[in-house]
Amino acid sequence: MNQEDQEQYFVVCVNNQDYPASLEVKKIYQFIPDEQATHHQMIRVIDESNEDYLYPADYFVVIQLPQSVKQLFFIS
């Protein structure tokens, strides 16, 4: 199964305190569900480095995007 076939989840960054080089406020990021991270009030986000890292969950708000916008995240 490729990335486009998997469920996709998105958040908008509302705080980048302590991570200004990795996160931009008001930017949409894809996140990867991670129960262990959630247990610690963290969220696994694909950041500016195009890698997934853990950040405080309260730095983000979960959002729903139309499919046409989701597809933009997979265009090279």
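Reply: The following turns treat aromatic pairs, the nonpolar core, salt bridges and strand pairing in turn. This is a predicted model, in which local features need pLDDT of at least 70 and side-chain atom pairs count only at pLDDT 80 or more, while totals for chains, interfaces and linings use all residues. Residues are numbered from 1 along each chain as its sequence is written, and side-chain values use heavy atoms, with hydrogens and water left out.

Me: How many aromatic pairs does the structure hold?

Reply: A pair of aromatic rings is described by the distance of the centres and the angle of the planes. Rings of Phe, Tyr and Trp (its six-membered ring) pair if their centres lie within 6.5 Å; planes under 30 degrees apart count as stacked, over 60 as edge-to-face and the rest as tilted. The structure holds five such pairs. One of them joins Tyr19 and Tyr55 edge-to-face, with 4.9 Å centre to centre and 90 degrees between the planes. Tyr19 lies in the loop between strand 1 (9-13) and strand 2 (28-32) and Tyr55 in strand 4 (residues 52-56), so the pair ties together parts that are 36 residues apart in sequence. Helices (H or I, at least four residues) and strands (E, at least two) are DSSP runs, numbered from the N terminus.

Me: Are Tyr19 and Tyr55 buried or exposed?

Reply: Buried means under 20% relative accessible area, exposed over 50%, and partly exposed in between (1.4 Å probe, protein chains only). Tyr19 counts as partly exposed, at 26% relative accessibility, whereas Tyr55 counts as buried, at 3%. Another edge-to-face pair is formed by Tyr29 and Phe60, with 6.4 Å centre to centre and 90 degrees between the planes. This pair links distant parts of the chain, Tyr29 being in strand 2 and Phe60 in strand 5 (residues 60-63), 31 residues apart. Tyr29 is buried at 2% relative accessibility, and Phe60 is buried at 8%. Ring pairs link Tyr19, Tyr29, Tyr55, Tyr59 and Phe60 into a cluster.

Me: Which residues make up the largest nonpolar core?

Reply: In soluble globular proteins, nonpolar side chains tend to be buried together. A nonpolar core is a set of buried Ala, Val, Leu, Ile, Met, Phe, Trp, Tyr and Cys residues joined through side-chain atoms within 4.5 Å. Here the largest has ten residues: Val11, Cys13, Leu23, Tyr29, Phe31, Ile43, Val45, Tyr55, Tyr59 and Phe60. Strand 1, strand 2 and strand 3 (42-46) each supply at least two residues of this core.

Me: What is Phe31 in contact with, leaving aside its neighbours within four places in sequence?

Reply: Contact means heavy atoms within 4.5 Å. With those neighbours left aside, Phe31 is in contact with Tyr9, Phe10, Val11, Ile43, Arg44, Val45 and Val62. Phe31 has its place in strand 2 and counts as buried, at 13% relative accessibility. For Cys13, with neighbours within four places again left aside, the contacts include Leu23, Tyr29, Tyr59 and Phe60.

Me: How many salt bridges are there?

Reply: Side chains of opposite charge can pair when their charged atoms come close. A salt bridge is a side-chain nitrogen of Lys or Arg within 4 Å of a carboxyl oxygen of Asp or Glu. By this rule there are three salt bridges. Lys27 and Glu48 meet in one of them, at 2.8 Å from N to O. Lys27 is in the loop between strand 1 and strand 2 and Glu48 in the loop between strand 3 and strand 4, 21 residues apart.

Me: Which salt bridges does Arg44 form?

Reply: Asp34 and Arg44 form a salt bridge, their closest N and O atoms being 2.8 Å apart. Asp34 lies in the loop between strand 2 and helix 1 (35-39) and Arg44 in strand 3, so the pair ties together parts that are ten residues apart in sequence. Arg44 also forms a salt bridge with Asp52, with the closest N and O atoms 3.0 Å apart. Salt bridges that share partners join Asp34, Arg44 and Asp52 into one network. Arg44 is partly exposed, with a relative accessible area of 22%.

Me: How many bridges join strand 3 to strand 4?

Reply: Two strands pair if DSSP finds at least two bridges between them. Five bridges join strand 3 to strand 4, and these strands run antiparallel. Arg44 stands opposite Leu54 in strand 4. The two strands form a hairpin with five residues between them, and Asn50 in the turn has a positive phi of about 65 degrees. Strand 2 and strand 3 also run antiparallel, joined by two bridges, and Ile32 stands opposite Arg44 in strand 3.
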